[in-house]
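Me: I have a model open and I'm new to it. Can we go through how its parts pack together?

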Amino acid sequence: MPEGIAGSELPRKTMGFITEDFLLQNKCAKRLYENFAAKQPVLDYHCHIPVQEIAQDRQFGDLYEIWLEGDHYKWRAMRANGIPERYCTGDAEPFEKFVAWAKTVPHTLRNPLYHWNHLELLRYFEIEETLNEQTAPKIWQQTKERLKSNELSARGILKKFHVRAICTTDDPADPLDHHKALRDSNFQTHVFPTFRPDGAYLISNPEIFNAWVEKLAVTAETQILKFEDFLQALGKRHQDFHDLGCRLSDHGLDQCYAERCSEAEAEVLFNKVRVGKTPNPSECAQFASYMMIFFGKMDAEKGWVKQLHLGALRNVNDRMLLELGRDTGFDSIGDLPQASSIGSYLDSLNRLNALPKMILYNVNPADNYAFATMIGNFQDGSVAGRMQFGAGWWFLDQKEAIENQLNALSNCGLLSHFIGMLTDSRSFMSFPRHEYFRRVLCNLIGSEMETGLLPNDEALVGDMVRRICYENAERYLGLPMEVKHSAGHTNVRDNKSSNGVEPGADTALPARPVRGT
Ligand SMILES: [Zn+2]
């Protein structure tokens, strides 16, 4: 597998909007990017890419399929631009939807979409022209042709962007068949599941919860008659995920659950919901609090990293929720208080000696300093960067908010141990987000070298940049990077003891097989 982020091997000068100095506004920034950041591969440790599409090596037909389908960032911009819903999520033809997006692009100046849009067209298709209504037909045709190549299939893209490992987001009730197929294949990018058990603690709707419990029972090959069976089934799935290389869990929460709830109380609530009775909001929070401690203990036992995505206010537009469903672009930043409930949750686990390594992601910029200081309360000297303030996510994955997160972390903790960027994306077109982050990082650090706030010592500062771009994440997450052999069997190597040295065997591996499984 080649070294360096995609784009590092492209021609030195590009004439279009995105140049080789994009976002790099001073000499030190350019040197840091070129000498340290661009050379690092990608470890995308949190995303929502459908694993089936990697397993089946999906080939995309056109820009609509790979770029617009399901992208609620673009839908929001189109709606704000006065484009009718028919062209966002409705029944318009793919090309009509693409033209509607192209019409919108010139109106996205200063929105990160303008940057991402053109960075993506350049890196995937070498297209330097800006997208608008006039250039749309030509770009549609050009990209349609290019998408026929193996280089831009699902697997081809992971290879093109030098993705060493990717962690998808998976339901414990999912049998993980596609993950098994990938494990047994000789595809060289490591694809690991992430344990996301939202279904196990959301009991407000008994019908949904009970259907999920039944699905879990089938996947765990057991019967769930009582609470103990439920916990055992979850434990079994946790182990199954572990056996497939999972080392992370993930929870999307408005706010941390931190109510007191004994096992006996949780059992009463479980039994109540199992017979179809609806619990009140306080009972829902109690049950979820018990389950979050249960999951924290399991993660700690296995040395996993727990991720908490906190603070989004979802599905605000009820009419559109009924019409289009979830994840269609009607969510925003919430303003529920976060600090005290996070503190209580972490403290409860810590008192039980069951606090796993953790990444806390914040979506409200007002909470940056609260998050950055919260992690300091539970650093314990066992692992560098044990508690992480995660990269800016959702509405905060643009230049200004990335800088704000980096500044808060720098001021209240140790930026040096930060595990860096992730795409958090459902799209195969999002891998340049790593490049975007690295350029913002290098620009921020480089500008402080220029002004004397940081020593103009490239070896010292560059080492930190390099580690934030890749090595910190590899060391911290301890994903079992396997050396894959052509017959499909694997040698498992646990990176926890790798001393930060890259498992650089990739260059010695056999060439990527002919695609298609
Ligand atoms: Zn996510």
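Me: Which hand does the crossing of H1 and H18 have?

Reply: The crossing of H1 and H18 is right-handed, the near helix being turned clockwise from the far one by less than a right angle. Helices here are DSSP runs (H or I, at least four residues), numbered from the N terminus. This is a predicted model, where local features need pLDDT of at least 70, side-chain atom pairs count only at pLDDT 80 or more, and totals for chains, interfaces and linings use all residues. Residues are numbered from 1 along each chain as its sequence is written.

Me: At what angle do the axes of H1 and H18 cross?

Reply: At roughly 130 degrees, and the axes come within 7 Å. Axes are lines fitted to C-alpha atoms, for helices over the stretch in contact, and angles run from 0 to 180 degrees between N-to-C directions. That makes H1 oblique to H18; under 35 degrees counts as roughly parallel, over 145 as roughly antiparallel, 65 to 115 as roughly perpendicular and the rest as oblique.

Me: Which residues in H1 meet H18?

Reply: Cys28, Ala29, Leu32, Tyr33 and Ala37. Their partners in H18 include Arg438, Leu441, Ile445 and Met449. Contact means C-beta atoms, placed from the backbone, within 7 Å.

Me: How does that contact of H1 with H18 divide by class?

Reply: Into 9 nonpolar, 3 polar and 3 charged residues. Ala, Val, Leu, Ile, Met, Phe, Trp, Tyr, Cys and Pro count as nonpolar, Asp, Glu, Lys and Arg as charged, and the others, Gly among them, as polar.

Me: Switching to H12 and H13. How far apart are their axes?

Reply: 9 Å, with H12 (residues 263–274) and H13 (residues 281–302) packing at about 125 degrees. That makes H12 oblique to H13. H12 passes H13 in a left-handed crossing.

Me: And which residues meet there, from H12 and H13?

Reply: Glu265, Ala266 and Leu269 in H12 meet Glu283, Gln286, Phe287 and Tyr290 in H13. By class, this contact has 4 nonpolar, 1 polar and 2 charged residues.

Me: Last topic, confidence. What pLDDT does the chain average?

Reply: The average is 92, and 90% of the residues score at least 70. pLDDT is the predictor's confidence in each residue, from 0 to 100.

Me: Where does pLDDT stay under 50?

Reply: Over residues 485–517, for which the model has 54 contacts beyond four places in sequence.

Note on methods: Helices (H or I, at least four residues) and strands (E, at least two) are DSSP runs, numbered from the N terminus. Two residues are in contact if their C-beta atoms, placed from the backbone, lie within 7 Å.
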